[in-house]
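Biologist: I am new to this structure and would like to know what stands behind the words used for it. Please show me the sequence and the model first.

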Amino acid sequence: WDATSPSTRAVEIGTISGASGTPQVAKQILVSDKDRHVVAFGCDSETDPGTQDPLLIRFSDQESFTDWTATSINTAGDLRLGVGTTFVAAVETNREMLVFTDVSLHSMQFIGPPFTFGINQIASNITIMSPNAVIAVNDVVFWMGIEDFYVYGGSTSKLPSTLRSYVFDDLNLLQREKITAGSNSSFGEVWWFYPSGDSDENDRYVVYNYEQRVWYYGNLVRTAWIDRGVEDFPMATGVDRNLYIHE
């Protein structure tokens, strides 16, 4: 999508003149901020376009979103996760990209030519509730697992919670893909919105205040959240199709 022409529809990258080897399917896309590569997670391979490999990671040539064909004179390439059955989520910090499968956590870092990126497993037997249940706050990452909350700041550990039973004993796992995390940096908070009981939508929240190390909770219907930055206050969406600015 061209920001200089906002009324023009977005186009598939593969249709742009000069595009090469563009993934046709992916679970998530990130731009690696420091080294400027476009990274596709859970995508199709260059040799079998259109067939999704749930553990495959591919990245474009540096500073290019159209050139995905790996050659000896560019930095495009691929990696494959060795643990787990499927990619779930990726989140970027100031130091690395954290990559989650259904049972493991990996660190992906830019290492330069000839391999471009390296990836290391940093935790096993961990879970993540949904693709949006993770949030990075500077170099610390918080996420909701199947039965516990977790934190990563160089090492992975469970986050002790006084509300663990309150949340996980009354959570609709059939709708867990809708769970979303958000940061409220003005107050040192991490939020999770989740569906309770037999609710089909996120109707509750649980908050961890990492400055005071306390938990609190409440009822609020929100489906997505973004911290202040674009606006002076955090913004969130509801099932009523409204956009809310939170004071």
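**Pockets, strands, rings and loops**

Modeller: The second largest pocket is lined by E12, I13, G14, T22, P23, Q24, V25, A26, I29, V38 and W68. The model is predicted: local features need pLDDT of at least 70 and side-chain atom pairs count only at pLDDT 80 or more, while totals for chains, interfaces and linings use all residues. Residues are numbered from 1 along each chain as its sequence is written, and side-chain values use heavy atoms, without hydrogens and water.

Biologist: What makes a residue part of the lining of a pocket?

Modeller: A lining residue has an atom within 4 Å of a pocket point. The points lie on a 1 Å grid over the protein atoms alone, and a pocket is an open set of them with protein on both sides within 12 Å along at least five of seven lines. In the second largest pocket the space comes to about 240 Å³, volume being the space filled by probe spheres set on the points.

Biologist: How is that lining divided into nonpolar, polar and charged residues?

Modeller: Seven are nonpolar, three polar and one charged. Ala, Val, Leu, Ile, Met, Phe, Trp, Tyr, Cys and Pro count as nonpolar, Asp, Glu, Lys and Arg as charged, and the others, Gly among them, as polar.

Biologist: What is the volume of the largest pocket, and which residues are closest to its centre?

Modeller: The volume is about 370 Å³. Of its 18 lining residues, V91, N132, V134, I135 and A136 are closest to the centre. The lining has 11 nonpolar, five polar and two charged residues, and β13 gives the most to it, with four residues.

Biologist: Which strands form the open sheet, and why do two of them stand at its edges?

Modeller: A strand is a DSSP run (E, at least two residues), numbered from the N terminus, and two strands pair if DSSP finds at least two bridges between them. Here the order is β5-β6-β7-β8, with antiparallel pairing. β5 (87-92) and β8 (116-124) each have a single partner strand, so one side of each has no neighbour in the sheet. V99 has H106 in β7 as its bridge partner.

Biologist: Why is the pair of F149 and F168 called tilted?

Modeller: Rings of Phe, Tyr and Trp (its six-membered ring) pair if their centres lie within 6.5 Å; planes under 30 degrees apart are stacked, over 60 edge-to-face, and the rest tilted. That gives 18 aromatic pairs. F149 and F168 are 5.2 Å apart, centre to centre, with 55° between the planes, so the pair falls into the remaining class, tilted. F149 is in strand β11 (149-152) and F168 in helix α1 (164-168), so parts 19 residues apart in sequence are tied together. W191 and F193 have centres 5.6 Å apart and planes at 25°, so that pair is stacked.

Biologist: Are F149 and F168 buried or exposed?

Modeller: Buried means under 20% relative accessible area, exposed over 50%, and partly exposed in between (1.4 Å probe, protein chains only). F149 has 1% and F168 has 16%, so both count as buried.

Biologist: What makes N138 stand out, and is this residue buried or exposed?

Modeller: N138 has a positive phi of about 60° although it is not a glycine. The residue lies in the loop between β9 and β10, and its relative accessibility is 60%, so N138 counts as exposed.

How values were computed: On a 1 Å grid over the protein atoms alone, a cavity is a set of points where a 1.4 Å probe fits but cannot get out, and a pocket is an open set with protein on both sides within 12 Å along at least five of seven lines; lining residues have an atom within 4 Å of a point.
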